[in-house]
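Thank you all for making the time this morning.

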Amino acid sequence: MNNKNISISSVISDLINHLNQLPGIGPKTAERLAFHIIKSPESKILSLADSLIKSKQQLSFCDNCFIVTEINPCNICIDEMRDQKSICIVQDSIDAYAIESTNSYNGSYHILNGYISPINGIGPNELTISSLVKRIEKKQPTEIILATNPTIEGDATATYISNQIKSANIKISRLAVGIPFGGDLDYTDQKTLTQAFNSRQIIE
Amino acid sequence: MQNKEYLNFEGITISSYEYGEFDKIFNILSPNNGIIIAIIKRIRKISNKNFDYIDVFQKMNFKASLSDNFCVIYEAKALERLFERPIKLTNLCSGNIIAELTINFNSINENNNYIYHLVSKCLKWISNDIFIFALVYFQIKLLLAEGIFPEIDICLNCNNKIKPGNYLLNLIESGIFCNECSGKTKFSSLKLLEDEIRLLKHIKNTEYDNNLNTNNVITEKVDLNLYKKLSTYIKFYTNKELKSEKILFTSLNK
């Protein structure tokens, strides 16, 4: 007979269950994290709990671009030094943070809050695409950069959006796909290598 | 120490989901073993010499290790891409419907090889924008392979040959009643039009090859209504909703 579930404290199993619901956390990792939390000093855990509560109380989505923000509209949308005529469309706020960390883009963003995934019941209506279309009609941007992931679903999302906004007179582009810095040609898969060849650039 | 068992197999990636920080789990349809659920580690992070580009709707050769609970892919070499980019929403939805139906009906039997080639063929047609026909063809051939295709040639009650006309398809008894006997059925039914019955019979008795083109007369005749009716019939048997279907209908209504 398996007594494991009977002997474990309900507080611990509750904690494990909650951690297990987080993306990327399986049952084993949830167990490990739970016992790490239990063994950690109380001050550290209270601080973590405080951060969790604050993240729900003080963060929201920007009404304009849907990025996670403390102020609404967000810092990026109200920054006059940024090119508000350029909109980079990304799947999640974390993707915008990744692009921001490169310091190579100085325009605004639009966060879709996901990607089209019919098999998971996520269609265009579940994303912020209608708000994007309204924003484009209102603000008349000159450039749209589609920075969705280069997967089938990311590609379908980009294609759908470009079809929705094609009628407007806007330069629409997608992020390039190719060989990563430090990568080895020999290790690059055929699809990426073909794409890299097709997107090759003239040396000036 | 237990030796790892390795398996080399050909398969079509029909669906995937993210797992952990860098990994993905794929449902891979194989010709001999039905759907194999396999994890590919670190696939979301780096290029690896052992892996070609992997996404859904690709035919690939896999090398995997098998354990009781898990199949871990160590090598994947591309054989054929079944979906061409750019991907239209209607095509993605249709591909996902094929995936959902395949998963719902997955059983390891003598039909696996047939289903494998059927999925491959239908995905190619969808990629060429022949998606309604591909879906109806897939539904019909799947029902035939699973042995639950409805009786449409003779009346379920009197066994008389069904003459051309509109009839009610009885969901519980899986077939149609002639006009004289239709009063004797009290179970839920679907109305099939004469043209729809003719198309059902035609597709049932015809195997189209991979090179179906958009000018084919039959592809033009098959419409969304027949798909919806067959979908209702299939749902009656599986008791499962298809998530992709709702999004396909929404996108077609726009």
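Let me begin with α2(B) and α3(B), which are roughly antiparallel to each other, since angles over 145 degrees count as such and the two helices pack at an angle of about 170 degrees. Please keep in mind throughout that what you see is a predicted model. The two helices cover residues 112-127 and residues 131-145 of chain B, and their axes are 8 Å apart.

Which residues of α2(B) meet α3(B)? From α2(B) they are B:Tyr114, B:Ile115, B:Leu118, B:Cys122, B:Trp125 and B:Ile126, and on the side of α3(B) they meet B:Phe131, B:Phe133, B:Ala134, B:Tyr137, B:Phe138, B:Lys141 and B:Ala145. Sorted by class, this contact holds 12 nonpolar residues, no polar ones and one charged residue.

Staying with α2(B), its 16 residues should span 22 Å at 1.5 Å a residue, and the end C-alpha atoms are 23 Å apart, which agrees. The buried residues in this helix are B:Ile115, B:Tyr116, B:Val119, B:Lys121, B:Cys122, B:Leu123, B:Lys124, B:Trp125, B:Ile126 and B:Ser127, and what covers them includes β1, β2, α1 and α3 of chain B. Just after the helix, B:Asp129 takes a positive phi of about 70 degrees.

One of those covering elements, α1(B), deserves a word of its own. It runs over residues 89-105, and its 17 residues reach 24 Å from the first C-alpha to the last, close to the 24 Å expected at 1.5 Å a residue. This helix is itself mostly covered, with 14 of its 17 residues buried.

Stepping back to chain B as a whole, we find seven helices and eight strands, in a C-alpha trace that spans about 70 × 40 × 30 Å along its principal axes. Of the 254 residues in this chain, 35% count as buried, and among contacts with a separation of 6 or more, 56% come from residues 24 or more positions apart.

How is chain B divided into domains? The domain assignment gives domain 1 as 5-81 and domain 2 as 89-149 + 187-253, and the C-alpha centres of these two domains of chain B lie 26 Å apart. Their contact takes 13 residues from domain 1 of chain B and 13 residues from domain 2 of chain B. On the side of domain 1 that touches domain 2, the elements giving two or more residues are β1 (5-19), β2 (23-30) and β3 (34-40) of chain B, and the residues of that side divide into six nonpolar, six polar and one charged.

Turning to chain A, the domain assignment there gives domain 1 (8-58) and domain 2 (76-174), and the C-alpha centres of these domains of chain A lie 33 Å apart.

I have picked two residues of chain A to look at in detail. A:Ile37 lies in helix α3 (residues 27-39) of chain A, and with 15 other C-beta atoms within 10 Å it is partly exposed. Leaving aside residues up to four places away in sequence, A:Ile37 touches A:Leu15 and A:Ile45, while its C-alpha atom is separated by 51 Å from that of A:Ile170, 133 residues apart along the chain.

The C-alpha atoms of A:Thr148 and A:Asp92, 56 residues apart along the chain, are separated by 9.2 Å.

Finally, let me come to the contact between the chains, which takes 23 residues from chain A and 29 residues from chain B. On the side of chain A that touches chain B, the elements giving two or more residues are α8 (152-165) and α9 (190-198) of chain A, and the largest share of that side, five residues, comes from α8(A). By class, this side of chain A has seven nonpolar, 12 polar and four charged residues.

How values were computed. Residues numbered from 1 in each chain as written. Chains lettered and ligands numbered in written order. Predicted model: local features only at pLDDT ≥ 70, side-chain atom pairs only at ≥ 80, totals over all residues. Helix = DSSP H or I, 4+ residues; strand = E, 2+ residues; numbered from the N terminus. Expected span 1.5 Å × (residues − 1). Buried ≥ 20, exposed ≤ 12 C-beta atoms within 10 Å, placed from the backbone. Contact = placed C-beta atoms within 7 Å. Nonpolar A, V, L, I, M, F, W, Y, C, P; charged D, E, K, R; others polar. Domains from an automatic or database assignment. Axes fitted to C-alpha atoms, helices over the stretch in contact; angles between N-to-C directions. Parallel < 35°, antiparallel > 145°, perpendicular 65-115°, else oblique.
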